[in-house]
Each structure stands twice: as C-alpha cells, then as structure tokens.
Amino acid sequence: MERKRHLKQMYKETPIEGGIFQIKNNENGKLFVGSTRNFKTINGLKFSLEAGTAPPTTTELQKDWSHFGASAFSIDILETLKKKDEPYFNEKEALQELENKWLDQLQPYGERGYNRKK
C-alpha cells in the first residue's frame with residue numbers, strides 16, 4: 001500500500017510538458033504536425049488512430065494509418081514548450097506560436113502532409 005501511495009505521489013509531482021510533435025508516415029514521407037499541452041495525450045491520439053476513431057481534423061492521416069498500419073508511422077517530439085514564470089504568460093498562445101513556426105518550416109500540406117492550411 002505504501003508503494004502505491006509513493007508512486008501516486010511521484011506521478012503528481014512529475015512536471016507536465018507540452019509542445020510540438022510530428023507523426024511521420026515512413027512509407028510516403030507525409031507529416032502531421034500538432035501541438036499539445038501534455039505530451040502524454042499523444043498516446044490517446046495514437047490509440048484513437050489505431051481504433052479508427054481519430055478526430056475529424058486528421059481524416060487523411062486516419063486513412064493512411066488504417067491502410068499502412070501503425071508500424072509505418074513514427075511519432076517524434078519536435079520542441080518542448082519552455083514555460084515562463086511570468087504573470088502574463090499565456091501557455092495556449094505560446095503553444096500556437098510554436099506550432100505555427102513548425103508548420104511554416106515543414107509545410108506539411110497537400111502532398112507533403114496531413115495538415116490543413118488555416
């Protein structure tokens with residue numbers, strides 16, 4: 001019982017990290033670039049892709065995931081959000097700026113990727 005309590009406390013004390021990630025189709029080179037406030041949620045996205053229930057924003061990614069299978073894809077962290085201890089730091093806006101930077105850099109649209117231009 002003490003071990004369980006200790007593990008639970010360690011989990012609570014683990015800092016939550018978020019940032020930018022990519023899902024790459026290693027068969028055709030297409031990319032999906034996304035952001036998250038907590039990298040642990042990537043496992044949920046992977047699970048929904050495997051179950052065929054991914055969000056509507058990832059329709060093309062879902063089609064290729066179903067066609068090629070999970071082994072054809074790799075998931076990588078591109079950049080971790082550096083949180084600032086400032087009173088006016090807006091994590092959501094900072095994450096959006098980071099995502100826009102990576103979208104501009106990688107251009108994962110059309111034949112190159114699964115993202116849709118906003």
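This is a predicted model: local features need pLDDT of at least 70, side-chain atom pairs count only at pLDDT 80 or more; totals for chains, interfaces and linings use all residues.
Leaving aside its neighbours within four places in sequence, which residues is Gln62 in contact with? Side-chain values use heavy atoms, with hydrogens and water left out.

Now to the answer: once the neighbours within four places in sequence are set aside, Gln62 is in contact with Ser48, Leu49, Gly52, Thr53 and Ala54, where contact means heavy atoms within 4.5 Å. Gln62 lies in helix H3; here helices (H or I, at least four residues) and strands (E, at least two) are DSSP runs, numbered from the N terminus. Gln62 counts as buried because its relative accessibility is 11%, and for that term the cut-offs are under 20% relative accessible area for buried, over 50% for exposed and partly exposed in between, with a 1.4 Å probe and protein chains only.

Let me stay with H3, which covers residues 59-68 and in which Leu61, Gln62, Asp64 and Trp65 are buried. The buried residues of H3 pack against strand S1 (19-25), strand S2 (31-36), helix H2 (41-51) and strand S3 (73-80). After H3 comes Gly69, with a positive phi near 90°.

From there I turn to the nonpolar cores, by which I mean sets of buried Ala, Val, Leu, Ile, Met, Phe, Trp, Tyr and Cys residues joined through side-chain atoms within 4.5 Å. The largest nonpolar core has 13 residues, and those with the most contacts inside it are Phe21, Ile23, Phe32, Leu49, Leu61 and Phe73. S1, H2 and H3 each supply at least two residues of this core, with the largest share, three residues, coming from H2. Apart from this core lies another, of eleven residues, among them Ala94, Leu98, Leu106 and Tyr109.

Phe21 also leads us to strand S3. Leaving aside neighbours within four places in sequence, the contacts of Phe21 include Phe32, Val33, Ile42, Leu45, Asp76 and Leu78. Ile75 lies in S3, and the C-alpha atoms of Ile75 and Phe21, which are 54 residues apart along the chain, are separated by 7.1 Å. Ile75 counts as partly exposed because its relative accessibility is 30%, and beyond its neighbours within four places in sequence it is in contact with Gln22, Ile23, Ile42 and Lys46.

Next comes helix H4, residues 91-106. Its 16 residues should span 22 Å at 1.5 Å a residue, and the end C-alpha atoms are 22 Å apart, which agrees; the expected span is 1.5 Å times one less than the number of residues. Among the buried residues of H4 are Glu91, Ala94, Leu98, Glu99 and Trp102, and the buried residues of this helix pack against S1, S2 and S3.

In the segment after H4 we find Gln107, which has a positive phi of about 50° although it is not a glycine. Most residues other than glycine have a negative phi. Gln107 counts as partly exposed, because its relative accessibility is 28%.

That leaves the pockets. A pocket here is an open set of points on a 1 Å grid over the protein atoms alone, where a 1.4 Å probe fits, with protein on both sides within 12 Å along at least five of seven lines, and lining residues have an atom within 4 Å of a point. Grid points are joined across faces, edges and corners, and a volume is the space filled by probe spheres set on the points. The largest pocket has a volume of about 310 Å³. Of the 19 residues that line the largest pocket, the closest to its centre are Phe32, Val33, Gly34, Thr57 and Glu99. The elements giving two or more residues to this lining are S2, H2 and H4, and S2 provides the largest share, four residues.

The second largest pocket holds about 230 Å³ of space. Its lining has 13 residues, of which Leu81, Lys84, Phe89, Ala94 and Glu97 lie nearest the centre, and H4 gives the most to that lining, with four residues.

Key. Residues are numbered from 1 along each chain as its sequence is written.
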